[in-house]
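Subject: Structure for your files

Hello,

Here is the structure we spoke about. My notes on what was found in it follow below.

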Amino acid sequence: MKADKQEYFLSIDNGTQSIRALVFDRDGQLVAKNKVDIVPYTSPHAGWAEQDADYFWSSLCEACQGLWPKLGFPKEEIIAVSVTTQRGTVVAMDKNNRPIGPAISWLDQRRVETKPALGSLESMIMRVIGAKDAVDNFHREAEANWLAQNLPEQWQKVEKYLLLSGYHTYKLTGNYRDSIASQVGYVPFDFRNLEWANDKDWSWRVAPIKRGMLPELRAAGEHLGRISERASNETGIPCGIPLISSGSDKACEVLGSGCLDPSVGSLSYGTTATFNVTTDKYFEAIPFIPAFPGVIPGTYNVEMMVFRGYWMVKWFKQEFGLHEQQEADKQGVSPESLFDDLLRAVPVGSMGLMLQPYWSPLHSTGPEAKGAIIGFGDVHKRAHIYRAMIEGLTYALREGKELLEKRGKRNLTRLKVSGGGSQSDEIMQITADVFGMKVERPHTYETSGLGAAIAAAVGVGSHSSFKAAVEKMTHAGDSFEPNSANHLMYDELYRNVYLKMYGSLQPSYETIRSITGYPS
């Protein structure tokens with residue numbers, strides 16, 4: 001292809017709260033965007049989180065169809081498509097290629113109480129090496145086990161067992177294929193070797209998934225198929241252009257932020273807040289919690305996460321943000337953009353109000369963990385709660401950074417921040433002050449879409465390699481230097497209060513759980 005000819009790539013990003021159709025050029029500039037807000041899930045019973053798979057598909061079609069009028073050029077100039085999705089949401093398909101029941105969201109809390117069917121010798125070995133809890137947790141958490149035990153007639157009809165990324169690949173191409181870097185969930189995947197687990201692996205014996213149920217895996221940059229005529233009619237995407245493998249939304253965010261060096265930390269301020277480093281050497285930050293596949297073949301994203309991280313901003317908006325919602329409607333802006341006023345109204349440290357953001361338990365805690373806010377006084381108002389929430393999330397991510405440095409035996413020298421929360425200058429400054437490091441944001445906060453576009457560009461030869469594509473398509477945005485006085489206060493609060501909160505409160509969490517039964 002001629003270098004002077006502009007080339008365009010369509011990224012479809014099916015996140016938790018929206019689906020976005022995005023077009024990037026070969027320089028990584030976002031030239032068109034259409035966003036469709038979605039209902040993340042319905043909850044027919046306490047703890048359930050499910051959504052019709054067809055709803056995800058129809059919303060994807062709506063996002064694409066709304067994109068075309070916004071293009072300043074013929075859509076036929078788009079030469080490749082890639083899809084990135086939320087992680088861990090599963091779709092079971094029948095022999096007629098139709099979903100069997102709703103998709104089960106990654107936010108679902110259904111569990112089974114049975115134990116995995118391992119032999120006595122294998123169970124003993126698992127105990128000796130310290131893996132028994134991880135194996136039991138896989139069995140307990142696997143959506144396939146819940147379906148097989150609670151809806152056995154439905155489970156008997158399952159022909160294909162897919163993640164949401166694999167479902168969209170099927171709908172777009174008719175092929176049962178998926179990206180290696182999308183495999184984050186309770187499926188028999190070998191995270192070290194980046195392939196489906198071998199036949200002797202324990203994961204096949206702790207869940208009822210059979211090898212034939214799973215899609216063919218393709219590395220990022222490889223072709224998953226071509227847009228079918230039917231998909232073209234429903235989405236408006238030109239028929240026959242290639243669908244290129246990329247990865248999950250978090251993996252694409254890391255790539256789209258330009259974080260290729262293991263000394264660069266990637267913070268993602270999304271529904272789940274995460275801290276990632278990219279490495280070509282496999283290691284686990286927490287034993288038996290795997291490193292996830294990176295988009296670049298042969299790499300890993302070692303991750304620490306805060307479940308329901310920046311989801312808390314949405315929670316705050318719903319529960320306490322009526323004023324901002326009303327003002328935003330008058331001004332024609334988003335409510336979140338007005339929350340910076342709350343941050344500016346409160347001094348560093350929120351006048352002693354401290355928040356532990358365990359609205360959902362973490363891998364590093366027990367299932368009894370709960371969120372907590374301590375230090376209330378009569379001076380504290382709504383704005384203090386909001387600032388304490390942002391500070392608490394940042395403390396939790398700093399704790400993750402320090403664990404990754406310890407386990408990876410490498411100090412991080414740079415931090416890059418992406419995701420919706422990174423749009424706030426106040427949040428970026430809090431991040432710099434809590435970490436005591438310069439933090440940068442990329443030129444676009446649509447980094448997951450950009451990561452998928454990078455994979456698409458490599459897949460059709462627009463750039464010769466992932467390294468070359470990242471150099472050409474990612475660009476520096478604003479940067480924020482830490483304020484030394486602010487960092488000093490944050491550092492004292494972090495070390496002397498925050499790091500001790502869980503250990504101090506954990507016995508009370510256990511007691512609350514035993515009395516109320518929540519969480520079950």
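The buried residues of helix α9 pack against α10 (322-331), α11 (335-344), β19 (354-356) and α12, contact meaning heavy atoms within 4.5 Å. In α9 itself (residues 311-320), M312, V313, W315, F316 and K317 are buried, that is, under 20% relative accessible area.

This is a predicted model, in which local features need pLDDT of at least 70 and side-chain atom pairs count only at pLDDT 80 or more, while totals for chains, interfaces and linings use all residues. Residues are numbered from 1 along each chain as its sequence is written, and side-chain values use heavy atoms, with hydrogens and water left out.

Helix α12 (residues 382-408) packs with helix α13 (residues 425-435) at an angle of about 45 degrees, and their axes are 10 Å apart. The two are therefore oblique to each other (angles under 35 degrees count as roughly parallel, over 145 as roughly antiparallel, 65 to 115 as roughly perpendicular and the rest as oblique). From α12, Y386, R387, I390, E391, T394, Y395, L397, R398 and K401 meet I427, I430, T431, V434 and F435 of α13. By class, the residues of this contact are 8 nonpolar, 2 polar and 4 charged.

The last item is E446, in the loop between β22 (439-442) and α14 (447-459). E446 has a relative accessible area of 2% and is buried. Neighbours within four places in sequence aside, E446 is in contact with R20, L22, F24, L30 and K33.

Regards

Note on methods
Axes are lines fitted to C-alpha atoms, for helices over the stretch in contact, and angles run from 0 to 180 degrees between N-to-C directions. Helices (H or I, at least four residues) and strands (E, at least two) are DSSP runs, numbered from the N terminus. Ala, Val, Leu, Ile, Met, Phe, Trp, Tyr, Cys and Pro count as nonpolar, Asp, Glu, Lys and Arg as charged, and the others, Gly among them, as polar. Buried means under 20% relative accessible area, exposed over 50%, partly exposed in between (1.4 Å probe, protein chains only).
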